[in-house]
Each structure stands twice: as C-alpha cells, then as structure tokens.
Amino acid sequence: MSNSKEIDDELEANDNVFSRPNRCLMPELPLEQDVPAIEIQQAMEQFPRIFTESYPSSGPALYLGPLNEAMDQSIFNSNEPRPLLIYLHRTETAAIHCFCKNVLCNEFIINYLAENYLVWAWDCSKDANYQRLLWMLLQYIGSSAAAMVAAIPLDKFPVLVCLLSTQRHVILDSTTSPDEIYIRLIEIRKDFHNPSEEIICDGSQRLSICSNEDWYPGSSQLALVEQESDKFRNIANYFSNSSYQLIRVEQINNKKWLTKYQKQKEFICNRIGHNGSERILFHGCLRETSQDILRQGFHHEQTSIHGIKCGHGFYFSTDPKRSHIYALPDLPSGGERTMLVCRVLIGGTRRNHSIMEIYPWMFDSTTDGSEIYVVFSNLQILPEYLVTYK
C-alpha cells in the first residue's frame, strides 16, 4: 500500500472538502408508500455523484442496480463469480469522514476492488432507507444476514459487508484500520473459491437439543385484544418508554403448548427449590418468522438468528427496545413490525458462552448478565401475545 505520510499530505490538501456540512448520499425513500423502481434507481445514482463532490476521489466503482441484480452479477455469476462487497454509509457518525477518505479513497483498495469484487452501496443515514436496506437483505439474502446487520450499533457505521454466498458473510466496520481492511479483502477473495472454517458461518455441524425435540406444539390460534381492555393496556405499558405505535395486540392460544409448558415449569421449580423461574420476555422477529412460530413453535433453524454471544439457542430480552432491532419492518404492510411477548422459564441460568449448544449442566438457560436470556427448548417458552406495531 502507499506511504501513509503521502496519503495524509494529499488528504490535508483537501481539508476544505471535509469542512462542508455532512451530506446524505441518497434522498429518503419513505417506507409507508410503494416507491417506484425508477425512483430507487435515481436515488442510487446520486450516491457516487455526491460522494465525488464530498471527497477527493470518486471511490470504488459501484454497481447501480438493485441488490438482487448485484448478487446475480457477482456471487451467482456462472462465468466470472466474485464476492459482493456491500458498503453501508451513514453520514452522522464519528468515523465517516476518516473511513471514506482513508479506505474508500485509497488508490490501492480502489484498484483491488475493481479487479476482484463487485461493489454495491447504500446510504443508511435516513431511518427509512436503513429499514428498507434491512428489508432488502431479508428478501434477497436471508434472515441471518438481515439480523446480523441490524445488530450492528449505528455508531459503528460505516460498514463493509463481504458477501461470499447467502450463508457466508464477513463484517468489516469502522474500527478496522485501512491496512487491515486491505489484508482482509485479499484473504476473503482467496477464500471465495476455497472456503475456510474461519469464514464459513455454517451451522450444519452443530447438534443442539433444539433440533432433536420429539414434539412440536402444533398450530396456535389468535384472538384480537380490544384496545379498551385491561389486557391491551397491560401490553401497552411494556412499550410506554418507547415511541412505538401499537397497531394491534393478539392473544395466542395453544392448549397443547400450555400443558407442556406448565409441566416443565413445575419440574424446574421443584428442582431449583423456588417459584422464581419464570420471566415475561420479548422476542422481536420477522412477520414470516412469527407466523412460523405460531404454526410449529420455535424451530432449530431459528437458532442463532439473533447471534451466538450467549450460545446457539432462542434469544429473548427483558427490554422491548433491545428486541426491536430484530423486528425488521414488513414493507408490503407499510413498515409494520412484529414482536412476541412470551413467558420464558429461565430457571437456573449461567453467564453467556458463545459455543453453548445444549442445556448447560444443571442449568436451564444462559444470559449476558443483564437483559438477554437464551433457552434451548419450546418446553420453556409460552408465547402469549403477538404485537404488531410501528
């Protein structure tokens, strides 16, 4: 790579560029309406133009079509497949200018990307655009990728997502140095055709108790909760410290699941010697995922969608704001989100361990010691309410 002093001297000569007010690279694309494809295309075409006006280089060449077409031209290209690098921009972050000028304006990185990657970019500065990005990731790549990006704190933006397949992706955030990013890009490119264990995010080798349960709760029934009722007010109280707008609350009924849950509660309470094993917890999820849960319960394919910090299980939070980041908006319904309010048997719990795949010995759950709890069986979960909100 080029001498860092030369780069700094060059960038110092362009300091007037960075003294301008922060500018979004794309206009806002409202979630509440069906934005025509041509408007999205025009918004994306503004990205490189405003970038060039704001920084001393035009940055890497961008693919200006839809995300699914970018995937077709990169990881799914039968003639010349290559990784897809997704650049996620966010204007109002501390690292944005340094990242753009030291990484995206770096001649060596630009040239390497041109030869080895297809680059697609999106400006997440506006909340509506950020939510639209998550929806696109969900639709075209999958729930794990969408949840992974949703879990990145906004102050860690900008972010590079290296997509090797719909199941393999690597995150490089703003805390990564330019030299390290350059080296990682080379390593990832080499691993594109020869995947290594370090990069593959494949859970096929895991064998957890979730995948071996010998029963499923069957289909649940929903009953609309009247807004004037005490039940609705009780649920609304959980969300009182947020700006969320509750659209509807539906009570979940499943006698088979309730019976199994009550027996498990009795078993755990008898073992630990007290009745404090139960918590009211929240599970933010996709609308499609909530429908799957109501049809067949929590399934092993849903494990680790919310990460693996506390093990490979089903994640819940004591705070709906924490669960909110995984309740990705459903654009066809105008950006509605879905959250489950559940009774969860945490029983005896131990601090997190990322490789935990089954029940810890003599424990019933894992925790981060604050607000996250992870359980490994439908027997310990009883969804009570399905909350739809914005």
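Reader: Which residues have the most contacts inside the largest nonpolar core?

Author: This is a predicted model. Its largest nonpolar core has 67 residues, and those with the most contacts inside it are Leu-84, Leu-88, Trp-120, Trp-122 and Leu-185.

Reader: Which helix gives the largest share of this core?

Author: Helix H7 (residues 127-140) does, with 8 residues. As for domains, the core draws at least three residues from each of domain 1 (7-199) and domain 2 (217-389).

Reader: What does Trp-122 touch, not counting residues up to four places away in sequence?

Author: Its contacts include Met-26, Leu-29, Ile-40, Met-44 and Phe-47. Trp-122 also touches Leu-88, another of the residues with the most contacts inside the core. Among the others are Asn-129, Arg-132, Leu-133 and Met-136.

Reader: And which residues does the second, separate core include?

Author: That core has 22 residues, among them Trp-215, Phe-298, Cys-342 and Ile-381.

Reader: Turning to the rings, how many aromatic pairs does the structure hold?

Author: There are 15 aromatic pairs.

Reader: Is Phe-239 buried or exposed?

Author: Phe-239 is buried, because its relative accessible area is 3% and the cut-off for buried is under 20%. Phe-282 also counts as buried, at 3% relative accessibility.

Reader: Why is the pair of Trp-257 and Phe-298 edge-to-face?

Author: The ring planes of Trp-257 and Phe-298 stand at 75°, and planes over 60 degrees apart count as edge-to-face. The centres of the two rings are 6.5 Å apart.

Reader: What does that pair tie together?

Author: Trp-257 lies in helix H11 (residues 255-272) and Phe-298 in the loop between helix H12 (287-296) and strand E8 (314-317), so the pair joins parts 41 residues apart in sequence. Trp-257 counts as buried at 1% relative accessibility, and Phe-298 is buried with a relative accessible area of 1%.

Reader: Which residues form one aromatic cluster with Phe-239?

Author: Tyr-238, Tyr-244, Phe-282 and Tyr-389 are in that cluster with Phe-239.

Reader: Let us move to the strands. How many bridges join E6 to strand E13?

Author: E6 and strand E13 (residues 381-389) run antiparallel and are joined by 5 bridges. Within this pairing, Glu-250 has Leu-386 as its bridge partner in E13. Strand E5 (residues 221-224) also pairs with E6 in the antiparallel sense, over 4 bridges, and here Leu-222 has Ile-252 as its partner in E6.

Reader: Where does Asp-330 lie, and what does it touch?

Author: Asp-330 lies in the loop between helix H13 (320-324) and strand E9 (337-345). Not counting residues up to four places away in sequence, Asp-330 touches Trp-135, Arg-287, Gly-335 and Glu-336. With Arg-287 there is a side-chain polar contact of 3.2 Å.

Reader: Lastly, with which residues is Gln-296 in contact, leaving aside neighbours within four places in sequence?

Author: Gln-296, in helix H12, is in contact with Tyr-216, Pro-217 and Gly-218. The C-alpha atoms of Gln-296 and Pro-217 are separated by 6.0 Å, although the residues are 79 apart along the chain. Gln-296 counts as partly exposed, at 33% relative accessibility.

Definitions and conventions:
Residues numbered from 1 in each chain as written. Predicted model: local features only at pLDDT ≥ 70, side-chain atom pairs only at ≥ 80, totals over all residues. Heavy atoms only, no water. Phe/Tyr/Trp six-rings, centres within 6.5 Å; stacked < 30°, edge-to-face > 60°. Buried < 20%, exposed > 50% of the residue type's maximum accessible area, 1.4 Å probe, protein only. Helix = DSSP H or I, 4+ residues; strand = E, 2+ residues; numbered from the N terminus. Polar contact = N/O pair within 3.5 Å; in protein donor to acceptor, adjacent residues only side chain to side chain. Contact = heavy atoms within 4.5 Å. Core = buried A, V, L, I, M, F, W, Y, C linked by side-chain atoms within 4.5 Å. Domains from an automatic or database assignment. Pairing = 2+ DSSP bridges.
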